[in-house]
Amino acid sequence: MKDTLQIADKTFTSRLFTGTGKFSNTSLMRDSILASESELVTVALKRVDIDNESDDMLVHLKENHINLLPNTSGVRTAKEAVFAAQLAREALKTNWVKLEIHPDPKYLLPDPIETLKAAEELVKLGFVVMPYIHADPVLCKRLEEVGVQCVMPLGAPIGSNKGLKTNDFLEIIIEQSNVPVIVDAGIGAPSHAAFAMELGADAVLVNTAIAVSQNPIAMGKAFKMAVEAGRMAYNAKLAPVKKHAEASSPLTSFLS
Amino acid sequence: MQNTFRNTFDKYDWDTLEHDIYGFSEADVKSVLAKDKITLDDFKVLISPAATPFLEQMAQRSHELTKKRFGNTIQMYIPMYLSNECQNICTYCGFSMTNKIPRKTLSDAEILKEVAHIKSLGYDHILLVTGEANRTVGVSYLKHAIALIRKHFSNISIEVQPLDQEEYETLITEGLYAVLVYQETYHEATYKIHHPKGKKSNFNYRLDTPDRLGKAGIHKIGLGALFGLEDWRVDSFYTALHLKYLQKTYWKTKYSISFPRLRPHQGEVQPKVEMTDKDLVQLICAYRLLDEDVELSMSTRESETFRNHIIKLGITSISAESKTNPGGYAVEPQSLEQFEISDERSTDAIKDMIQSQGYEVVWKDWDRSYVNSNLE
């Protein structure tokens, strides 16, 4: 059986999702994304000219296997996010949306209260909602209850490349979740991506680490391999690392 | 179709599980014991015969995990039987409809008399128990009983017939904290043999009861299988599967597991499959290794020696001096019991036994204002 990932009506062979920001030019962006074999690519609504069909970025992403995932980056409230999602649905002909609401312009940390509100409304409007959130297990369950199709907890502040600083909480989220868990933000190296997959994440989203590398095409490929290796290791079940010592005073001798 | 445990349950097959559980090797057990996180698949290995030689190691780890999560404490509770009227036939139960015993349902005055006695022993958490007689001991009786006693207890649980979601919601509003509902056995055919008549003969309705409780927003659900009806290892795997499903679905609810072993009683059926003391210790430890947070409960069905030693092995709550007949504490101490208890020591004696092992005895670990904040 093929180890695919199902989100809403789509089946993904690749568990690496990528982004379109921060590349030095659009053809390099396209070549890196192709090298990564990613099938889901986020596009900031604020970056595309939705009235222009020959928008440079969109033209470069016209590949059959690439699905566009508009994100709401730039909005600060639930109300703005819902509006942005509706615009994106019109413009990009997709009801998928990566919901990101970060009122804080410095670290771009997501607002959990506005995100939950917007998610609930967007689900009712028929969107496939992929919310970007802090690695907060309770928030993930609350989002699941309003009907989001996956959760996207962060590993570290976006663009920081610090790796999985939230790993203890990611483990709890993965253990409890009934929807796919996609680790988003903070993944700075293929080893971080592999680690996320070994923990049991269903996919990872990587943008900055590929886009700002010296060689984005090679880095796109490196991430692809890391995600595959991590997933394979997860399925194969990691060998134990820790031995538990046996204590001296017996607790079960009364049985003999 | 609504998603309930039945969908998960249907993905497993009893015989395949049994075959798996009895097929593990020593190497399988070693590799599981070396892990930090125990999965349901690992649990299968830990309850297998192959794990028996590793009991001491499992016990040590269970002891440490329980201490880490619950500290050096043991919660005390006591059951109060409200009625032995029952329209079910359960082959193993003293209250079974066809048993010719005097039937009794406590009146308000009798309930309060029992409560006064129970309070004098020190209890603050109570478990109300009945048979299944929906006309006389239905939701309205239970609702009334909870309202009657709620000012005397911080924490009220019930072990009664399965109810509908709205009925549970009514009782929760009245002050109900937890519901214990044991599947008895997850072997559908065996279940039918032991529950041939009455509402309880509906396997599916019972199986999906914890789902209805979860939807009603109950604080705690108690699960278990009655050991003796079927192979305890397979039944325990299903119980653990049920637990994990519920935790993931009704994540605001807490869970507890009980380990009733079939005891001699006034019915015809005696245990089909024996579960030894050693087996029971293995199971308790396996549960703890699977789940650090689940409450594990021990009743007076077990012997003195066993209960003395089990305190340190993963158990978090224990009953004492239980009477399994309605009115058994103060109203009619001589009436017929549902089953014979084994550890007959007094509450004080149990308290001393627990304290002598370095544990604090906890009487109150809840406040009634949390469940019925809008009531007096």
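Two strands pair if DSSP finds at least two bridges between them, and strands (E, at least two residues), like helices (H or I, at least four), are DSSP runs numbered from the N terminus. Keep that handy for the views below. Everything here comes from a predicted model, where local features need pLDDT of at least 70 and side-chain atom pairs count only at pLDDT 80 or more, while totals for chains, interfaces and linings use all residues. Residues are numbered from 1 along each chain as its sequence is written, and chains are lettered from A and ligands numbered from 1 in the order in which they are written.

**View 1. Strands β5 and β6 of chain B lie side by side.**
β5 (residues 220–224) and β6 (residues 254–258) of chain B pair in the parallel sense, with five bridges linking them. To find your place, look for B:I221, which sits opposite B:Y255 of β6(B). Four of the five residues in β6(B) are buried; "buried" is the word for a residue with 20 or more other C-beta atoms within 10 Å of its own, C-beta atoms being placed from the backbone (12 or fewer makes it exposed, anything in between partly exposed).

**View 2. Helix α3 of chain B has a covered side.**
Pick out B:V29, B:V32 and B:L33 in this helix (residues 26–33): they are buried. They share one side of α3(B), because they cover an arc of only 95 degrees around the axis; the arc is that of the directions from the helix axis to the C-beta atoms. Here's the handy bit of background: an α-helix has 3.6 residues a turn, so residues three or four places apart point the same way. And what lies over the buried residues of α3(B)? The cover includes α4 (40–46) and α5 (55–70) of chain B.

**View 3. Zoom out to chain B as a whole.**
You can count 16 helices and nine strands in chain B. Its radius of gyration, taken over C-alpha atoms, is 20 Å, close to the 21 Å from the globule rule (2.2 Å times the number of residues to the power 0.38) for 376 residues, so chain B is as compact as a globular protein of that length. The C-alpha trace spans about 60 × 45 × 40 Å along its principal axes, and 48% of the 376 residues count as buried.

**View 4. Meet the largest nonpolar core.**
A nonpolar core is a set of buried Ala, Val, Leu, Ile, Met, Phe, Trp, Tyr and Cys residues joined through C-beta atoms within 7 Å. The largest one has 103 residues, and B:I126, B:I284 and B:A286 touch the most other members. Another core, of 70 residues, lies apart from it and includes A:V48, A:I158, A:V181 and A:A193.

**View 5. A:D184 sits in strand β9 of chain A.**
This strand covers residues 182–184. Is A:D184 buried or exposed? It is buried, because 30 other C-beta atoms lie within 10 Å. Leaving aside neighbours within four places in sequence, A:D184 is in contact (C-beta atoms, placed from the backbone, within 7 Å) with A:Y132, A:M152, A:P153, A:L154 and A:L205.

**View 6. A:S73 is in a loop of chain A.**
Look between β5 (67–71) and α3 (78–92) of chain A to find A:S73. A:S73 counts as buried, with 23 C-beta neighbours inside 10 Å. Not counting residues up to four places away in sequence, A:S73 touches A:A44, A:K46 and A:E100. A:L99 is 26 residues from A:S73 in sequence, yet their C-alpha atoms are 7.8 Å apart.

Notes
Contact = placed C-beta atoms within 7 Å.
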